[in-house]
Every structure is written in C-alpha cells, then in structure tokens.
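Here is a short report on one protein model. Look over the structure, then read on.

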Amino acid sequence: MKHKLTLYNSLTRKKETFIPINTPFVGLYACGPTVYGNAHLGHARQAIIFDILFRYLTYLGYKVRYVRNITDVGHLENDADDGEDKIERIARLEHIEPMEVVQQYINNYHKNMKQLNVLPPSIEPQASGHIIEQQEMIRKILKNGFAYEVNGSIYFDVEKYSKLHNYGILSGRNIDELQSYTRELSGQHEKRNPYDFALWKKASPEHIMHWQSEWSEGYPGWHLECSAMGTKYLGQTFDIHGGGMDLLFPHHECEIAQSVASNGTSHVKYWMHNNMITINDQKMSKSLNNFITLDQLFDGSHPILKKSFDPMTIRFFILQAHYRSTLDFSNEALIASEKGLKRLMKAIEQIKNIKPSLKSSVDIGSLESQCFIALNDDLNTSVALSFLFEAVKHINLLLENKETIDSKDLERLKNFMELITFDILGLKVFEEPVEDKKLENDLIEMIVDLRLKARAGKNFSTSDDIRDRMAKLGIILNDTKEGTTWEKQ
RNA sequence: GGUCGCGUGGCCGAGUGGCUAGGCAGAGGUCUGCAAAACCUUGUACGGCGGUUCGAAUCCGCCCGUGACCUCCA
C-alpha cells in the first residue's frame, strides 16, 4: 500500500501519516445523526466527509469496515439529566410509538444520503438495539471502580478516573476548570461532581423508553452507545473515529474515558472532526434553530432560499472547502457552486469528443500526482478540485485544437477525471427529471423548428419575438453553430 | 472566565517564509443577423501596529474584530 495519506489527529493536534493498526484492515467509526428531526446541511457535511474518507481508503486498497451509528435513545430534552428524551417527546406530542418516530427520520435520512450519493456504511447500528452491550460496559466500569450508583442511576466518577488517567486528553480540558465553570444545572443533586456524567439513568414513571437492569428500570447515558458499538464491531482499539467538532467535548472525551475505564485502553488511534456549516457566521444547528434541512434545500422550500439546489450542488459546495474549516452558507455561494459543477461535468462529458494527436502538449501525469498529493494531505478536496479545473481548461483547449494529446494520454485523462470526480469525490451526473415530459418537449421542439424557419427566411422580428416569449415562459433558446438548443431556467 | 480556532481580492474559498490555488461575479476576446450560451484571456488580495529575516500574507508579540466548545447538537 504505497501512499502517504496524512490525517489531522484531534488527539495530537497535528497531521500524522495514516498507518492502520492491522493492515490492510481499517476500522472507521463515525457518529451518525440523532433521529429526532430531519437531516440538515450540517449532517450532509459530516456524512459526505466520511463518505469520501471511506471511498478513498477503499481506493487505496484497504479493507474498510465503516460503522456509522444511529442515535435513537439517551438524548435528553432539558439541561438536566432527568429531562425527557427528545424522541419520546415527539412520540408523545404526535401520539405515535417512539420507534415510529425513529423509523420515520431514519427513512428520511437514508433518502437524503442516497440523494447526496453517500454510500451506505458497512454497519449502521442503532443505540436502542445495543442496550445489552451498553449494560455490559457499565458493569465493567463499575467493576473497575470508575462509577457509582445513586438511586438506581449509575454515574461515571470523573474525579477518580482523572487521578489515574488523563480526562481531557482529547479536548484539552482539566477538571479544575470544569469544576469552576460547569453551569449550575438542576437534577445534579445525585452526582458527586457536576462534571460526572450518567451511564445509566433510572426512568421516571412517565418515561416510556426504558429497559430492565439490575440497577433500575432505566435507559443508558448519553455517551455510552458509541463506546459500546464501536467496541462490538471494530474491536477494543480501532483506527479512525470521526464526527462533528461539536461532539469533541463532552461526547468523545467521555467515550475515551469509558473505554479506558472498562477496557484499560483508549479505543481510537486517529480522531477526526469536521467543522461546522455556518449561516451568517453562526453555527447552523438544531438548538439555534437556524438550520436548513436537506429536503428544503432540494425543493427550495425554505424562505431563505432563492431557488432549489440539486444534491450534487450541495456535495460540490461542501467539497470546495476543507473539512476542518467552517463553511458559510449563502445563496450566492451555492449558485457559484452550481455553475462550477456544471462546467466540470460538461468538460468530462466532452472528453469523448477530443481527437487524439501524435504528441501531447499537456502533462496529465503532473495533474494526476498533484491531485493525489492534495487528497493525501488530510483530504484536501478543495485543492484536488482546483486541479480538476486545471484539467477542465485543458479539455476545452483540446476541443478547440489549441492543445494536443496522444491517444494514451487521452485515455489516461479520461480515467483520471472519472476516478477522482465520480469514484473518490462521489459526484455524479445531474438526475434527469422523472416525470414524463414528452408532450411538453415535443411542443417546444415544434416551436423551435418554426422559429428556425423564420430565421432562415431572415424574418428576425418573428424569431426574436418567439425567443422573447419563450424566455418569459422560462424556456431559454440558444442559437449555436450546430442548431438551436433550449433549456429550462 | 477557561480551552481552541478564524480574519485572504466584489462573493465563496485553498494555501504558505521568496514561485498566479480554484470556483462565481466583473472586464476583454472568439463565435453570432442580434442576443444568449459556450469557450479563451484577465485580477497580484491576505484585519491593525511592532518585531525576527536578505525576504512575511505565511514565524513571534501586542491590539482589534469574530466564531466554536465548556448543556443537547454533525
């Protein structure tokens, strides 16, 4: 496996050469969505980034097992630990089963992921299906003395843990700071320290999602599922764990603590965190209620949107920024992406029309290697795309016979463009509209034909009138050497 | 208050001690009855003030602005 893939490791805060624990196998875990709402742009970014990592590692020849979980229990509505589960809340309000809520949002998430051309993960475990494993982990932590029971609930003893291990190793926090600034929240009377976190919570009578255990009828804590499911499917230590930057603390910090407390070892070699999508320079999130769902983006139904955007435009938009930078949403930025993507796709489509020469005036090898250098450099998709656009310029010049290429290089150019664009970056050709538009199309063709006759007779006032009136209906006519083309606005 | 970031040309967004990232928009050109589209060409920007250096937007210091995390959040 000859490559120099480097990844930024949040744990060491620097780029490191990627060396799997057990080549050629790679274990990759990414925190998936909490299914109490439709997926928004932020979820798309996370999914797309790890999709590209999955694709690229696979391309490099690794056998990747990619686990992306679904969080469907254990997320609480209020600040306190004894708040209502968010999924339960929706179930109660809508008079449906909690698992019905979960299923509904999972279905929608899958639909959106398919639209974005995100490959399904190897395993997609749900927290609710791994209660046994989570309880098992709690028992281990209890046995090792890093947790305590109060009234049927189990809490992780951060103070005790931090005497032997480094709590804060990932997020750079220390418990003195946490002590002094942790907010005063209700429902913390059971904890020994405010920074302790729940491993198991006793369910109150009105709680409808709960499971039997030796401690109480209850439900698992916030951070346990990823530790338990990661261990189950990828082993006690695995290669890469990813998620949004907002999960770094406390979620991932707690995960490390749980793994160390139960198994004695930290479970992850490389931690990767993607940055947030912002809107008006503020984080797009459910809690700020400033998010745009993917469905809204695709059909243009959110009031802030000037138009609808194709899923591939969204994917391209996300790839234009490096994953560790914030990316600011705006209509203008998306429209720019849409046009850029269209140009890229058109050029790839046109490669087949290039006529090979005896000699090449373009250096395909250099473009190719620079593109891979960019991808190897912590998945710099932005720079990789810039070389794709270099190639686009060459393709267009070749089409105009202003540059030359031999048949071997032409084949190489085609393969290179398709490999990067489709296989690794996961872009695809715009979907054709599904509805039957035959009559409409035939009518437009007929009008175009009549207009051409008028033009042939130099009856330009008629032909221009037709073009103007078509434009008003949203049909744009373009006269080219090869004839008249039309497109919908 | 603590921790960690960021501030790049009209917009988005890479990068980095000396060599034009790229996309969109704009400008010029090719094409065309005209227009549009398409294509080609084109932009010398890096918050402020000091310092280090032959040389800094890139390193260091200070200041200003701004964001994330410290509650659930991708």
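## Terms and model

Two strands pair if DSSP finds at least two bridges between them. Helices (H or I, at least four residues) and strands (E, at least two) are DSSP runs, numbered from the N terminus.

This is a predicted model: local features need pLDDT of at least 70, side-chain atom pairs count only at pLDDT 80 or more, and totals for chains, interfaces and linings use all residues. Residues are numbered from 1 along each chain as its sequence is written, chains are lettered from A and ligands numbered from 1 in the order in which they are written, and side-chain values use heavy atoms, with hydrogens and water left out.

## The chain overall

Chain A has 16 helices and 15 strands. Its C-alpha atoms fill a box of roughly 90 × 55 × 35 Å along the principal axes. Of its 489 residues, 51% count as buried (under 20% relative accessible area, 1.4 Å probe, protein chains only).

Strands of a sheet pair through backbone hydrogen bonds, either parallel or antiparallel. Here, 4 strands form an open sheet in the order β4-β3-β9-β10, with parallel pairing. At the edges lie β4 (63–68) and β10 (268–274), each pairing on one side only.

Strand β9 (residues 238–244) runs parallel to β10, joined by 6 bridges. Phe-238 has Val-268 of β10 as its bridge partner. Helix α7 (residues 224–234) packs on the sheet and touches β3 (25–30), β4 and β9; contact means heavy atoms within 4.5 Å.

## One loop residue

Ile-208 sits in the loop between β7 (197–202) and β8 (218–220). Not counting residues up to four places away in sequence, Ile-208 touches Glu-88 and Pro-98. Thr-484 is 276 residues from Ile-208 in sequence and 64 Å away in space, C-alpha to C-alpha.

Methods: Axes fitted to C-alpha atoms, helices over the stretch in contact; angles between N-to-C directions. Buried < 20%, exposed > 50% of the residue type's maximum accessible area, 1.4 Å probe, protein only.
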